[in-house]
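Biologist: I am new to this one. Could you show it to me and take me through it?

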Amino acid sequence: MHSGTAPRLTPKGMATRRRIVEGAAEEIRERGAAGTTLDDIRARTGTSKSQIFHYFPGGKEELLLAVAAREAERVLEDQEPHLGDLTTWAAWQAWRDAVVRRYEQQGVNCPLGVLITELGRTTPAAQALTGQLIGQWQSALRTGIRHMQDSGEVDRGLDADRTAATLVAAVQGGVTILMSTGAIGHLEAALDTTLTLLRTGGVPAARPGPLHP
């Protein structure tokens with residue numbers, strides 16, 4: 001997942017661009033998107049203003065989108081290796097614990113949420129980024145559910161895509177409450193209840209229309 005890179009970048013150029021994105025991400029985690037300036041990013045990364053505009057001609061908005069793409073990657077990376085190997089109930093529990101731990105450590109500050117808000121949730125770029133993240137996340141969960149169905153651990157009558165969508169919604173709903181209240185309990189309850197439904201076959205069957213992007 002990425003927001004696009006300048007054409008024909010050399011390895012050195014790619015490293016510089018990556019350093020700018022990583023530095024900007026660190027600044028935003030510390031200061032927030034609104035409180036971070038290009039001068040802050042330039043100082044942290046040891047780059048000039050001309051370098052920043054060389055790699056991000058659109059200025060701060062383009063750089064924020066690149067940082068948002070990197071933060072979206074981290075959402076999935078932080079769930080590994082569990083997300084890519086949901087083949088046992090122990091793996092599902094480990095995935096659940098990794099998700100809770102990630103957001104518990106993050107607390108009320110969600111860099112990706114802040115960035116998407118700053119960019120504007122209704123802009124095509126922000127919508128595409130969010131859709132890509134949800135699509136990849138849901139696909140990985142769907143693969144895990146189908147594996148469990150094939151091994152006889154999960155009811156074959158469950159709609160794997162609908163169940164995966166329910167799990168993503170459970171996480172996102174819990175995170176929204178966490179960001180508003182600082183309480184992790186709703187996220188834990190949503191995940192635990194949904195995983196119990198997955199074990200017992202209680203997630204409803206599919207309704208008309210696909211749920212995946």
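Predicted model: local features only at pLDDT ≥ 70, side-chain atom pairs only at ≥ 80, totals over all residues.

Biologist: How many helices and strands does the chain have?

Modeller: The chain has nine helices and zero strands. Both are DSSP runs numbered from the N terminus: helices are H or I with at least four residues, strands E with at least two.

Biologist: What share of the residues is buried?

Modeller: Of the 213 residues, 44% count as buried, that is, under 20% relative accessible area with a 1.4 Å probe, protein chains only. The accessible surface of the chain is about 10700 Å², and 53% of that belongs to carbon and sulfur atoms; such areas come from the Shrake-Rupley method with a 1.4 Å probe.

Biologist: Now a helix pair. At what angle do helix 4 and helix 7 pack?

Modeller: Helix 4 (residues 60–77) and helix 7 (residues 124–150) pack at about 10°, and their axes are 10 Å apart. The axes are lines fitted to C-alpha atoms over the stretch in contact, and angles run from 0 to 180 degrees between N-to-C directions. Helix 4 is therefore roughly parallel to helix 7, a term for angles under 35 degrees.

Biologist: And which residues of the two helices meet?

Modeller: From helix 4, L65, A68, A69, A72, V75 and L76 meet A125, L129, L133, Q136 and W137 of helix 7; contact means heavy atoms within 4.5 Å. By class, this contact has ten nonpolar residues, one polar and no charged ones. Ala, Val, Leu, Ile, Met, Phe, Trp, Tyr, Cys and Pro count as nonpolar, Asp, Glu, Lys and Arg as charged, and the others, Gly among them, as polar.

Biologist: Changing topic: which residues does the cis peptide bond join?

Modeller: The cis peptide bond joins E80 and P81, with omega at about 5°. P81 sits in the loop between helix 4 and helix 5 (89–106).

Biologist: Take A91 in helix 5. Is A91 buried or exposed?

Modeller: A91 is buried, at a relative accessible area of 15%.

Biologist: Which residues does A91 touch?

Modeller: Leaving aside residues up to four places away in sequence, A91 touches H82, D85 and L86. A91 and G144 are 53 residues apart in sequence, with their C-alpha atoms 9.7 Å apart in space.

How values were computed: Residues numbered from 1 in each chain as written. Heavy atoms only, no water. Parallel < 35°, antiparallel > 145°, perpendicular 65-115°, else oblique. Buried < 20%, exposed > 50% of the residue type's maximum accessible area, 1.4 Å probe, protein only.
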